[in-house]
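Please keep the viewer open while you read.

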Amino acid sequence: MAAPGSLSDLRVRELAALPDDAARERYLALHRGLATAELVTELTTRVHKEVRVDADGALRLADTAISVARALASHDPLAEAFRSKANALYVLGRHTEAVEHHQRAASLFESSGNREQLARTLSSSMQPWLLQGQYDQALAAAERARGIFIQLGNRLRVARVDINLGNVFYRQDRFDEALECYERAYEELLHHHDAEGMAAVLSNLAVCYITLNRFAKALEVYENARRHCQKEGMPLLVAQADYNIAYLYFLRGEYGRAIEMLRAARAGAKRLSDGYHVALCNLDLSELYIELNLGAEAGELARDAHSAFEQLGMGYESAKALAFAAIAASQQGQSFEGLKLFAEAKERFVREKNLVWPSLIDLYQALVLYNEGRLFEAKRLCNAAEEFFRGSTLPRKAILAELLSGRVAFRMGDVEGAMQRCRATLDRLQSLDAPVLRYQAELMAGQLELARGRQSEAFQRFKEARTDLETLRGNLRGEELKIAFFRNKL
C-alpha cells in the first residue's frame with residue numbers, strides 16, 4: 001500500500017471522491033497506469049475496514065474498486081470488487097442488491113476456477129439470503145462453501161460459515177442447532193485473531209442464550225462482545241451490542257433501563273446510517289410499550305418498523321412488526337382490526353417457514369377472543385398453542401399459554417381445573433427469572449382462592465403478586481409510564 005501522502009495515495013483519494021462511474025472512467029483514462037489488480041485489492045481491503053465504521057463511505061470505495069476492475073477487464077479483480085460492494089450493501093440493509101452482487105462475484109470466481117474465493121463469496125451471501133427469508137438458498141450456499149473450505153483445510157473459514165449457518169437455524173427457531181454452530185465456531189475462532197468473527201459469534205451466542213432463558217450467561221457474553229468491539233474500533237458493532245443488551249433488560253422486566261438504552265441505541269444507529277437497527281429498536285420499543293399498555297405509541301412504532309422492514313425486504317421482521325401492531329390495536333379495543341392483522345402476520349410467518357410464531361399468534365388471538373367473551377374459540381386456539389410450546393425449548397411461552405388456559409377455564413366455571421394449571425405454572429416459575437409471569441400467576445392464584453372462599457390464602461397470593469409488580473414498577477422511569485403500566489393492574 002502506498003505511503004500516506006504519496007502520489008498514488010493522492011490519486012486514490014481523488015478517484016474515490018468522484019461522484020459516479022462515468023467520472024471515474026474519465027479519470028482512469030487520463031491516468032492509465034493507476035488501474036491495477038493491486039489497487040483493487042487495496043480498495044476492497046479499505047472497504048472491509050471501513051464498513052463497520054462508515055458504511056456509506058465503504059460503499060463509495062467499493063464502487064471505485066468496481067470502476068478500476070472494469071478498466072482491467074479481468075475476472076478475479078472484478079469479482080473481488082463485486083463482493084466488496086455486496087458486503088457494504090448488506091451492512092446498509094440493502095439485501096436484495098447484496099445478493100445480486102454476491103451472485104455476480106460467485107459466477108466470475110467460478111469461471112476463473114478460484115475455488116477459495118468462490119467459497120468465501122458463498123459464505124458471505126448467506127446472511128442477506130436468510131434476511132430475505134430464502135433459507136434454502138442460504139443452506140445450499142453454506143453446504144457448498146463449507147465443503148470447499150474443508151477440502152482446502154481452511155478451518156477459520158469453516159468457522160465463519162458455521163456462524164452464518166447458526167443464523168439460519170436461529171431464524172427457523174432451531175435453537176439447539178444454532179447454539180451448536182455458534183459454540184463450534186467460537187472454539188475455532190479462539191485460535192485465531194479474527195476480531196470481526198469473534199464479535200459476531202459472541203453476539204449470536206448471547207441471542208441464543210436469551211431465547212433459551214439463560215439471561216445471566218447472555219448478559220455476560222453481550223458485555224464481553226461490547227468490550228471486544230470497542231477495543232477493536234468497531235462502532236457499528238458496539239451500537240448493535242448496546243441494542244442487544246437493552247433488549248435483554250426488557251426481557252428481565254427492567255423496563256426503564258431498557259427504554260433508555262433502546263432510545264440511545266436507536267440514536268446511535270441513526271448516526272451510523274444503520275437503518276436495520278433503527279427499525280429493530282422501534283420494533284422492540286413497540287413490544288415494550290405493549291407491556292406498559294401504551295397501545296397508541298406501540299402501534300405507531302410497530303407501523304414504522306413494519307414499513308422499514310418492508311423496504312429492506314425482511315419478511316420475518318416485517319411479520320413480527322405486524323403482530324405487534326395487531327396487539328396494540330387489540331389493546332385499544334380495536335378487536336376486529338387486531339384479528340385481521342394477526343391473520344396477515346400468521347400467513348407471513350408460515351411463508352417464512354417459522355416454527356414458533358404461528359403458534360404464538362394463536363395464543364395472542366386466543367387472548368383477544370377471551371377478552372371478547374368468545375371463550376370456546378379462545379380455548380381451542382389456546383390449547384393448540386399450549387400443546388406446541390410444551391414440547392418446545394421456550395418455557396416462558398408455555399407458561400403464558402398455560403396461564404391463559406387457566407383463565408379461560410376459570411371464566412367457564414372450572415375453578416379446580418384452573419387452579420391445577422395455576423399451581424403447575426407457579427412450580428415451573430421457581431426456576432425462571434420472570435417477574436412479569438410470576439405476577440400474573442400469583443394474581444390468578446389469588447382470584448381462584450377467593451372464588452373458593454379461602455380469603456386468607458387469597459390475601460397471601462395477592463401480596464406476592466403485589467411484590468412482583470412493585471419490583472417491575474420500581475424499574476420504570478417517569479410517572480407517565482408508571483400510570484400506564486397500572487391501567488389494567490389496580
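This is a predicted model: local features need pLDDT of at least 70, side-chain atom pairs count only at pLDDT 80 or more; totals for chains, interfaces and linings use all residues.

Residues are numbered from 1 along each chain as its sequence is written, and side-chain values use heavy atoms, with hydrogens and water left out.

**The whole chain**

The chain holds 25 helices and 0 strands; both are DSSP runs numbered from the N terminus, with helices being H or I of at least four residues and strands E of at least two. Its radius of gyration is 26 Å, close to the 23 Å from the globule rule for 490 residues, so the chain is as compact as a globular protein of that length. That radius is taken over C-alpha atoms, and the rule is 2.2 Å times the number of residues to the power 0.38. Along the principal axes, the C-alpha trace spans about 95 × 45 × 40 Å.

Of the 490 residues, 56% are buried (buried means under 20% relative accessible area, exposed over 50%, partly exposed in between, with a 1.4 Å probe and protein chains only). Among contacts with a separation of 6 or more, 59% join residues 24 or more positions apart, where contact means heavy atoms within 4.5 Å. The chain exposes about 21,900 Å², and carbon and sulfur atoms supply 49% of that area (Shrake-Rupley method, 1.4 Å probe).

**Helix 2**

Which residues of helix 2 are buried? Within this helix, residues 21–30, they are A23, R24, Y27 and L28. Seen down the helix axis, these buried residues fall within an arc of 135 degrees, so they line one face of helix 2; the arc is that of the directions from the axis to the C-beta atoms. The face turned away from the buried side carries E25, R26 and L30, which are exposed.

Now for S335 and S359, each placed in a helix: S335 is in helix 18, residues 335–351, and S359 is in helix 19, residues 357–371. The table gives their accessibility.

| Residue | Relative accessible area | State |
|---|---|---|
| S335 | 13% | buried |
| S359 | 11% | buried |
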